[in-house]
Amino acid sequence: MTSFTPETALIKMTPYGLYCPQGRFYIDPVRGPIERAVITHGHADHARNVAETYFTTFGSSPILQKRLSNDISLHTVSYGEPFTLGETTVSLHPAGHILGSAQVRVEHQGEVWVVTGDFKRDHDPTCQPFEVVPCDTLISEATFALPIYRWPPAGQVARDILAWWDENIELHQVSVLFCYALGKAQRVLAELKKLTDRRVFLHGAILPIVDIYREAGIPMVPAEKIDLQNKRDYAGEMILAPPGALGSPWMRRFKGAQTGFCSGWMRVRGNRRRRGYDRGFVLSDHADWPSLLQTFEDSRASRIQLHHGYSDILVRYLGEQGVDAISLGSPFADLESG
Ligand SMILES: [Zn+2]
Ligand SMILES: [Zn+2]
């Protein structure tokens, strides 16, 4: 391991996002135009239409093509398959966040840096489990880096969702469950699949991504797009919709519906009330506090750099434990996952 100065950093934060000078590429660039981008996953704040050429995993590529364009110049690699960029060797490794999500491993003259991207350690039937990638410096997200954030098992949350649906059937009411369109919605459908074969209805924004997941062979309960022209009664049905649909004209069709929200943010009770949901289900696609700490230890990194979320609080905590940690700041907020 070489000694570290900002000049020799393998990856640094720039106004365009994380940049590797030795490899001349950005990771999840936030603005452009830039030449080469390595994309960790398809969420909107990570995959933007700003690069000439993209490098990503097989799992992410249909998501990028759907969300950016079919015409982007895309190099697709398997997990663990090394490729050369500039003077560096790069490989992508499972992050356990959503389908195709990857950590980026960058090696240069024997020094290894890893960027986790968004990640989680909890089981998720829709994507490959997080892989521990040993490194010298780990750049990690810190979206939920407060000790209060600890996740219950997803199977338990799925049973709670099903029980809530059953209660609403008894009441002859519609259940509208809000969840992010990419990743969370498919995880809910896949967790429900272990408990039931009941059909779920989908908001139009969710259906195309469910199709991509089905294409990738992810088992999920049957699902059907809501037809707003159809005057049928949806009483007793479960509908998945993106959070933006709450309070939109789309919701008028489901007046009096019971509403729920699936997110790590629901761990804090005030968030549910403030956002106006009847029920909150704690289901996150990010690492909780214990898994962040576990991951730093597992990586055996001698240096931790944080961005996204509560970086500063985690930096202070790690400093108190004698860990070399800094916050990189973040040029963007997490808009699409939680
Ligand atoms: Zn994400
Ligand atoms: Zn993110």
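Let's start with the open six-stranded sheet whose order is 1-2-3-4-5-6, with mixed pairing. Strands here are DSSP runs of E, at least two residues long, and helices are runs of H or I, at least four, all numbered from the N terminus. Two strands pair when DSSP finds at least two bridges between them. At the edges of this sheet stand strand 1 (12–14) and strand 6 (73–77), each pairing on one side only. Ignoring direction, neighbouring strands are turned by 35 degrees against each other on average; the axes are lines fitted to C-alpha atoms, for helices over the stretch in contact, and angles run from 0 to 180 degrees between N-to-C directions.

Before I go on, a word on the model: it is predicted, local features need pLDDT of at least 70, side-chain atom pairs count only at pLDDT 80 or more, and totals for chains, interfaces and linings use all residues. Residues are numbered from 1 along each chain as its sequence is written, chains are lettered from A and ligands numbered from 1 in the order written, and side-chain values use heavy atoms, leaving out hydrogens and water.

Back to the sheet. Strand 5 (residues 51–57) runs parallel to strand 6, and five bridges join the two. One for your viewer: Thr53 has Ser73 in strand 6 as its bridge partner.

Now look at the loop between strand 3 (25–27) and strand 4 (34–38), where Pro33 is found. Gly32 and Pro33 are joined by a cis peptide bond, with omega about 0 degrees. The loop between strand 3 and strand 4 also holds Asp28. Asp28 is not a glycine, yet its phi is positive, about 50 degrees. For context, most residues other than glycine have a negative phi, and most peptide bonds are trans.

On to another sheet, open and six-stranded, with parallel pairing and the order 14-13-15-12-16-17. Strand 14 (223–225) and strand 17 (279–281) are at its edges with a single partner strand each, so one side of each has no neighbour in the sheet. Strand 13 (residues 200–202) pairs with strand 14 in the parallel sense over three bridges, and Val200 has Ala223 in strand 14 as its bridge partner.

What lies across strand 12 (175–178), strand 13, strand 15 (238–241), strand 16 (258–262) and strand 17? That's helix 2 (residues 154–170), running at about 155 degrees to strand 17. Helix 2 also meets helix 3 (residues 184–193): their axes come within 9 Å and cross at roughly 85 degrees. That makes helix 2 roughly perpendicular to helix 3, a label for angles of 65 to 115 degrees. Ala154, Gly155, Ala158, Ile161 and Leu162 in helix 2 meet Arg187, Glu191 and Leu192 in helix 3, where contact means heavy atoms within 4.5 Å. The residues of this contact divide into five nonpolar, one polar and two charged; Ala, Val, Leu, Ile, Met, Phe, Trp, Tyr, Cys and Pro count as nonpolar, Asp, Glu, Lys and Arg as charged, and the others, Gly among them, as polar.

Definitions and conventions. Angles under 35 degrees count as roughly parallel, over 145 as roughly antiparallel, 65 to 115 as roughly perpendicular and the rest as oblique.
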